[in-house]
Amino acid sequence: MTDTTREFDIVLYGATGFVGRLVAKHLPEHAPNDIRIALAGRTASKVEKVRDDLSTEAAAAAGWGIVTADSGDEASLHALANRARVVISTVGPYARHGLPLVGACAEAGTHYVDLTGEVLFAHDCIDRYDATARANGARIVNSCGYDSVPSDLGVFLLAQTAREAGDGELTATTEYASMKGGMSGGTIASAMQQADDIADDPARRKIAGDKFSLSPDRSREPSGEFKDSLSVWYSDDVDAWVAPFLMASYNTRIVRRSNALLGHAYGSGFRYREVMKAGKGVKGRAMAYAVAGALGAGFGAMGVKRLRPLLERLVPAPGSGPSEEAREKGFFRMDIRSTTTSGARYRSIVASQGDPGYKATAVMLGEAAVTLALGDLPTLPGEADGGVLTPAVALGAPYAERLRQHGVTLEVTKLG
């Protein structure tokens with residue numbers, strides 16, 4: 001595992017932020033003892049305080065390195081990338097702050113993980129740095145948090161299980177999301193940034209709205225894909241009313257990219273959508289319409305700049321988050337249903353205790369970096385050993401097993 005040409009195995013950039021501190025807390029408790037870790041940020045004294053606070057609970061953190069780097073100073077980002085085998089970035093909004101670090105890692109052959117849910121940023125990473133990352137063997141892995149690991153791994157394992165059982169390819173596939181958790185200030189800031197990016201740029205607006213905007217070859221994608229929708233309907237699959245899911249328009253694009261990168265291994269007729277499970281009866285129906293209305297109003301308000309001050313007063317500030325007690329009480333459960341080309345029905349469950357955007361995300365992001373650092377990685381399609389990838393493609397089964405070891409449910413069953 002150890003690469004003596006690099007000073008550190010993992011560098012966590014953004015260690016002083018709210019999610020950064022949660023990832024930093026996860027690593028000394030769960031990373032193998034021989035993994036060399038450093039914390040990075042703009043101000044050394046603030047980063048040192050994070051390390052000192054951690055070392056009072058986990059002695060292993062006392063020996064971690066400190067790296068100073070700034071998203072506005074590309075030389076510092078290149079220096080960081082050249083000292084690390086794997087970089088974790090929690091510094092968002094990524095469209096504003098993230099691309100220079102991705103470029104530095106791609107050029108240095110350094111693996112990289114983040115927790116972005118920004119489709120324009122992910123598109124720009126692919127457009128600008130995929131070829132460089134492929135040439136240098138860097139696995140650039142976006143979206144290694146609640147966006148979009150449960151969706152991506154859940155469908156990946158579902159397709160793999162059906163294929164190995166001889167039941168053919170996936171066809172229409174729907175994820176039913178259930179969750180309890182606080183809204184991240186960083187997520188809201190990223191959504192506002194994207195709203196600004198597309199407001200006056202028709203080309204960027206087209207990318208954000210394209211169901212296959214992250215596909216490596218748009219022309220090869222099948223017709224008849226599910227549309228992004230704010231509609232409400234009743235699902236016989238789960239016997240409940242369903243509402244639009246906040247992150248569906250992003251997660252679906254990651255899952256479709258995984259399918260395309262894997263040579264459409266999920267199926268040439270694979271179609272995918274995500275919705276939120278709202279409940280049964282009159283109460284469930286009312287909840288579903290309330291969610292749809294709130295999302296429609298929220299998206300609309302983000303696009304009207306004069307409403308921003310009001311919206312910003314109603315949502316958490318970037319860098320803030322729920323209390324530890326609230327984080328412990330959260331959960332998520334993704335119930336993914338599909339029918340294969342043979343007519344077999346399958347179900348994949350991805351679930352975890354803990355606020356999905358904070359506690360669960362810290363586990364998923366930290367373990368993505370550890371999986372890369374350990375080097376037991378799936379073979380990539382073709383002859384490449386790098387590129388701008390998805391969690392399922394870059395990390396695959398070894399990552400899924402690490403998550404299981406940390407309390408994440410990842411299971412597939414045949415329903416009939």
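Colleague: The axes of α14 (356-374) and of helix α16, residues 396-405, come within 10 Å of each other and cross at roughly 130 degrees. Why is α14 called oblique to α16?

Modeller: Angles under 35 degrees count as roughly parallel, over 145 as roughly antiparallel, 65 to 115 as roughly perpendicular, and the rest as oblique, so the crossing of roughly 130 degrees makes α14 oblique to α16. On the α14 side the contact (heavy atoms within 4.5 Å) is made by Val363, Met364, Leu365, Glu367, Ala368, Val370, Thr371 and Leu374, and on the α16 side by Pro398, Tyr399, Arg402 and Leu403. By class these residues divide into nine nonpolar, one polar and two charged, where Ala, Val, Leu, Ile, Met, Phe, Trp, Tyr, Cys and Pro count as nonpolar, Asp, Glu, Lys and Arg as charged, and the others, Gly among them, as polar.

Colleague: What should I keep in mind about the numbers themselves?

Modeller: This is a predicted model, in which local features need pLDDT of at least 70 and side-chain atom pairs count only at pLDDT 80 or more, while totals for chains, interfaces and linings use all residues. Residues are numbered from 1 along each chain as its sequence is written, and side-chain values use heavy atoms, with hydrogens and water left out. Helices (H or I, at least four residues) and strands (E, at least two) are DSSP runs numbered from the N terminus, and axes are lines fitted to C-alpha atoms, for helices over the stretch in contact, with angles from 0 to 180 degrees between N-to-C directions.

Colleague: What makes α5 roughly parallel to α6?

Modeller: Helix α5 (residues 99-108) packs against helix α6 (residues 119-136) at an angle of about 15 degrees, with the axes 8 Å apart, and that angle makes α5 roughly parallel to α6. The crossing of α5 past α6 is right-handed. The residues in contact include Leu99, Val102 and Gly103 of α5, and Phe121, Asp124 and Cys125 of α6; in total they divide into seven nonpolar, three polar and three charged.

Colleague: And why is α3 described as oblique to α5?

Modeller: Helix α3 (residues 74-83) and α5 pack at about 45 degrees, with axes 9 Å apart, which makes α3 oblique to α5. α3 passes α5 in a right-handed crossing, and among the residues that make the contact are Leu77 and His78 of α3 and Pro100 and Leu101 of α5. The contact of α3 with α5 has eight nonpolar, two polar and two charged residues.

Colleague: Where do the cis peptide bonds lie, and what is omega in each?

Modeller: One joins Gly92 and Pro93, with omega about -5 degrees, and Pro93 sits in the loop between β4 (84-89) and α4 (94-97). Another joins Asp147 and Ser148, with omega about 10 degrees, and Ser148 is in the loop between β6 (139-141) and α7 (149-164).

Notes:
Left-handed = near helix turned anticlockwise from the far one by under 90°.
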